[in-house]
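Here are my notes on this chain, written as numbered points you can follow with the model open. Take them in any order you like.

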Amino acid sequence: VSKVTKSLKLKTGGGNIAVTGTGTDAVINTGGGNILVDKSDGKLELTTGGGDIKLNNPKDELIAKTGSGTIYVQNASNKMNIYTGSGDADIFCTSLYNGNSEIKTNNGDVILNLPPDIKATVTAKVNSRESYDQNDSDIDNIKSDFKATSIVRHNDENVIIAVYQINGGGGNINVTVANGTFEMKKQPFIK
């Protein structure tokens, strides 16, 4: 499907869906296929039971959910709610509005790529099956090119919570990783 100018609702039992150029809101659902959306100006709600989701240039609010697949978002600039049950999330942000975004994975890694000049507050909660030494400065489950404002380890729950107030803070990005790693990278704008 290409160059959609009105509201779009697509549903398939298990096939792949590819959309180029949505000018308004879109709801896309597939039981087990992959979803690809390129250049969207409206709010997106994307759901797949077991496939990957790939988005390029979403300009409005984004909701992306997969039961078992990877979510890849390039050039995000608005509110995001991203969830994968068993898969990775790789997100490139160009800017961020002053709201709340959520990125969650039950079993997979999250890589969040942010421009160095972004104003954002990122809170990463990473669970692990291992307990942490309170004096251990090497945190294998969390890596960041940005300096953490605080890092708190909760040994009783095997959880690390790291907070990053980047360039004084701004829009909130809350990341939850139940079983995997979190990495935050400084990235320039990608066209």
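Contact here means heavy atoms within 4.5 Å.

1. Contacts and ground rules. Residues 24 or more positions apart account for 32% of the chain's contacts with a separation of 6 or more. Please keep in mind that this is a predicted model, where local features need pLDDT of at least 70, side-chain atom pairs count only at pLDDT 80 or more, and totals for chains, interfaces and linings use all residues. Numbering starts from 1 along each chain as its sequence is written, and side-chain values use heavy atoms, with hydrogens and water left out.

2. Overall make-up. The chain has 0 helices and 19 strands; both are DSSP runs numbered from the N terminus, helices being H or I with at least four residues and strands E with at least two. Of its 191 residues, 43% count as buried, where buried means under 20% relative accessible area, exposed over 50%, and partly exposed in between (1.4 Å probe, protein chains only). The accessible surface comes to about 9200 Å², and carbon and sulfur atoms supply 43% of that; the areas come from the Shrake-Rupley method with a 1.4 Å probe, and for residues only the protein chains shown count as cover.

3. The open sheet. Ten strands line up in the order β2-β4-β6-β8-β10-β12-β18-β14-β17-β16, with mixed pairing, in an open sheet of 10 strands. Its edge strands, β2 (8-12) and β16 (150-154), each pair on one side only. Two strands pair if DSSP finds at least two bridges between them. From one strand to the next, the twist averages 5°, with axes as lines fitted to C-alpha atoms (for helices over the stretch in contact) and angles from 0 to 180 degrees between N-to-C directions.

4. Strand β18 and its partners. Which residues of β18 (171-177) are on its covered face? They are Gly171, Ile173, Val175 and Val177, while Asn172, Asn174 and Thr176 make up the uncovered face. Strand β12 (residues 100-105) runs parallel to β18 and is joined to it by 6 bridges; Asn100 stands opposite Asn172, and Ile103 has Val175 as its bridge partner. Strand β14 (residues 120-127) is also parallel to β18, with 7 bridges, and here Val122 stands opposite Ile173.

5. The β16-β17 hairpin. Strand β17 (residues 159-166) is antiparallel to β16, and 5 bridges join them. His154 has Val159 as its bridge partner. The hairpin has 4 residues between its strands, and Asn158 in the turn has a positive phi of about 55°.

6. The nonpolar core. A nonpolar core is a set of buried Ala, Val, Leu, Ile, Met, Phe, Trp, Tyr and Cys residues joined through side-chain atoms within 4.5 Å. The largest one has 42 residues, and Ile82, Leu112, Leu114 and Phe182 have the most contacts inside it. Beyond its neighbours within four places in sequence, Leu114 is in contact with residues including Cys93, Val122, Phe146, Ile166 and Ile173.

7. Residues to look at. Most residues other than glycine have a negative phi. Lys39, in strand β5 (residues 35-40), has a positive phi of about 65°. Asn75, in strand β9 (residues 71-76), has a positive phi near 65°; Asn75 counts as buried because its relative accessible area is 3%. Ala18, in strand β3 (residues 17-22), is partly exposed because its relative accessibility is 42%. Ala18 touches Val1 and Leu36, not counting residues up to four places away in sequence.
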